[in-house]
Amino acid sequence: MKDTSKHQGLRNQLASILKKKGITNEKVLTAIKLIPRHLFIDSSFSDHAYQDKAFPIAAEQTISQPYTVAFQSQTLAVNRGDVVLEIGTGSGYQTAVLIELGAEVYTIERQHELFKKTSLFLPKLGYKPKKFIFGDGYKGFKEKAPFDKIIVTAGAPFVPKPLLAQLKVGGMLLIPVGEKKQIMTMFYRKTPKEFEKKELGDFAFVPMLQKKV
Ligand code: SAH
C-alpha cells in the first residue's frame, strides 16, 4: 500500500473541484485530502481514483462518486462522538470519511465478499469503525439503536421503517430513495412521532438489495 506526493497532489485537486461544486464544509474537504482513495480501488485503475467519478469495486458494486460522498457527509453534519449507522459499507471509503469527521461508526454490508475484504482492509489503513456488520441494512442495527445519524449509500426503493424507528429524537436519516434514479431524502426526527422530510436533489446509486442474506 503506497501513498505518494503525486497522490496527495491529486487529492488536493479533487478537494478543490468538490469545493467548486458546492462542498463548503472544511472538515469534509480535509477528510477528502487525507484519505488515500486510490487504495480503495483495484491498483490497475488507481489513475481513476481522484476523478470525481464512481468506480467498480468487487461483487458488481461501486465506490460512490467523491461528490456524492462529500455531499452526504456535509449534509449529515457529523459532530465528534456522533453514533452513526452506515448502510452499504462497500469499499469503506465513506466509512473512512465518517471516522475522520469523528463519528463512531457501525457499518452494514450484505455482500459477504465485500464485508470480508473491507473489514480486513480498513483497519490496516488506521480506520476502525465500532463494528463491521454482515447483514441486511433494511433492518438497521437494533442492538446499538438509537443513532444520532443514519446514512444509506445504496438506492432504496422505499424508506425502511426500522431505520426511522432507530433514530434518536433530534437525529437524521439520509437516504437516496428511488428505483432507477434516486432523490436524496433527509428525515429529521423532531419528536418520537414526528419527522420532517426534505428532498435534496437527484443522485444515482446502485440498488439497495432486498434478497435475503
Ligand atoms: N459507501 C460505499 C458505497 C458502495 S455501493 C462506497 O463508497 O464504497 C452500495 C453498497 O451497499 C454495496 O456495497 C452493496 O453491496 C451494499 N448494499 C446493497 N444492499 C444492501 C443492504 N440491503 N444492506 C446492506 N448493504 C447493502
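This is a predicted model: local features need pLDDT of at least 70, side-chain atom pairs count only at pLDDT 80 or more; totals for chains, interfaces and linings use all residues.

Thr 107 has Phe 132 of strand 5 as its bridge partner. Strand 5 covers residues 131–134 and pairs with strand 4 in the parallel sense over 4 bridges. Together with helix 5 (residues 112–124), strand 4 and strand 5 form a β-α-β unit that is right-handed.

Strand 4 also pairs with strand 3 (residues 83–87); these two run parallel and are joined by 5 bridges. Within this pairing, Tyr 106 of strand 4 stands opposite Leu 85. From strand 3 the chain passes through helix 4 (residues 93–100) to strand 4, in a right-handed β-α-β crossover.

The table sets out the two pairings.

| Strands | Sense | Bridges | Facing residues |
|---|---|---|---|
| Strand 4 and strand 5 | parallel | 4 bridges | Thr 107 and Phe 132 |

How far is strand 4 enclosed by the rest of the structure? Of its 6 residues (104–109), 5 are buried, so strand 4 is largely enclosed. Buried here means under 20% relative accessible area.

Turning to the aromatic residues, the structure holds 9 aromatic pairs. One aromatic cluster is formed by Phe 40, Tyr 93 and Phe 121. Tyr 93 also has a charged neighbour: the charged end of Arg 37 sits over the Tyr 93 ring, 5.4 Å from the ring centre.

Conventions:
Residues are numbered from 1 along each chain as its sequence is written. Side-chain values use heavy atoms; hydrogens and water are left out. Buried means under 20% relative accessible area, exposed over 50%, partly exposed in between (1.4 Å probe, protein chains only). Two strands pair if DSSP finds at least two bridges between them. A crossover is right-handed if, with the strands pointing away from the viewer, the path from the first strand over the helix to the second runs clockwise. Rings of Phe, Tyr and Trp (its six-membered ring) pair if their centres lie within 6.5 Å; planes under 30 degrees apart count as stacked, over 60 as edge-to-face and the rest as tilted. A charge sits over a ring if NZ of Lys or CZ of Arg is within 6 Å of the ring centre and within 35 degrees of the ring normal.
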